[in-house]
Amino acid sequence: MPDIPGPAPGRLVFSDVDETLLSGKSLFDFLGFYFEGRYGADGALHAAATRRRIAALVAAGLPREAGNRAYYEAWRGERLDAVTDWGIRWFARNAGAPGFYVPAVRAALRRHREAGDHVVLVSGSFPAVVDPVAADVGARHVLCTRPEARDGVLTGVVAGEPCIGEGKRRAVRGLAKRYPDVSLSDCYGYGDHHSDLPMLTEVGHPVVVGGSPELLAELPDARVLAGAESA
């Protein structure tokens with residue numbers, strides 16, 4: 001999704017996607033949707049093996065960035081245009097389903113847009129999944145992990161760094177430089193997990209979705225918004 005031009009905003013509003021704006025984990029849902037949909041039982045096995053590998057990395061104490069890179073290795077050899085097309089199908093299947101969005105966050109982002117703020121989605125997920133969501137909620141920018149493609153085929157590696165943890169901080173700072181008249185101290189950030197902390201500490205108005213005790217220990221003055229479990 002290209003950046004959407006328009007009047008300069010008074011504020012930027014950064015929102016995580018999985019389990020913040022969306023109630024579930026889009027990465028894993030799309031993994032199964034794509035591989036089982038295209039390759040049947042063999043694809044389902046591939047998706048399940050990928051989930052187990054990532055779970056093992058997390059259980060071993062590796063950071064989320066390691067799991068994110070392992071996720072994109074599963075896409076090696078897939079055509080980017082096919083993955084993008086299936087992302088549109090995935091969104092069409094889910095968009096109208098109850099519980100797809102976290103209502104409180106979607107409503108908050110709508111109010112920000114109505115006030116003239118620019119919504120920015122910040123995610124470890126990739127454009128095939130995030131772009132349709134961004135278009136639906138009226139986001140102006142997408143900052144996300146971008147898998148490398150050569151000759152239209154995914155290589156299984158990430159171009160640059162995953163947009164997780166400190167990667168989110170750098171992405172937020174990079175976009176903020178394009179808006180020199182906007183102070184990050186006036187901006188908002190929405191996140192649910194400790195890996196969102198670097199993004200949330202960059203803005204003056206952090207919002208903890210779901211009330212993570214770990215996040216609130218670091219951000220005791222943050223606003224708390226109901227998450228998926230409360231929707």
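**Exercise 1. Is Val120 buried or exposed, judging by its relative accessibility?**

Before you start, note that this is a predicted model, where local features need pLDDT of at least 70, side-chain atom pairs count only at pLDDT 80 or more, and totals for chains, interfaces and linings use all residues. Residues are numbered from 1 along each chain as its sequence is written, and side-chain values use heavy atoms, leaving out hydrogens and water.

*Solution.* 
- Step 1: Find Val120 in strand S2, residues 118-123. Strands (E, at least two residues) are DSSP runs numbered from the N terminus, as are helices (H or I, at least four).
- Step 2: Recall the cut-offs: buried is under 20% relative accessible area, exposed over 50%, partly exposed in between, with a 1.4 Å probe and protein chains only.
- Step 3: Val120 has 0% relative accessibility, so Val120 is buried.

**Exercise 2. List what Val120 is in contact with, leaving aside neighbours within four places in sequence.**

*Solution.* 
- Step 1: Contact means heavy atoms within 4.5 Å.
- Step 2: The partners are Leu12, Val13, Phe14, Ser15, His141, Leu143 and Leu175.
- Step 3: Take Leu175: it lies 55 residues from Val120 along the chain, with 9.4 Å between their C-alpha atoms.

**Exercise 3. Work out the strand order of the sheet and find its edges.**

*Solution.* 
- Step 1: Two strands pair if DSSP finds at least two bridges between them.
- Step 2: The 6 strands run S3-S2-S1-S6-S7-S8 in an open sheet with parallel pairing.
- Step 3: S3 (141-144) and S8 (223-225) each have a single partner strand, so they stand at the edges.
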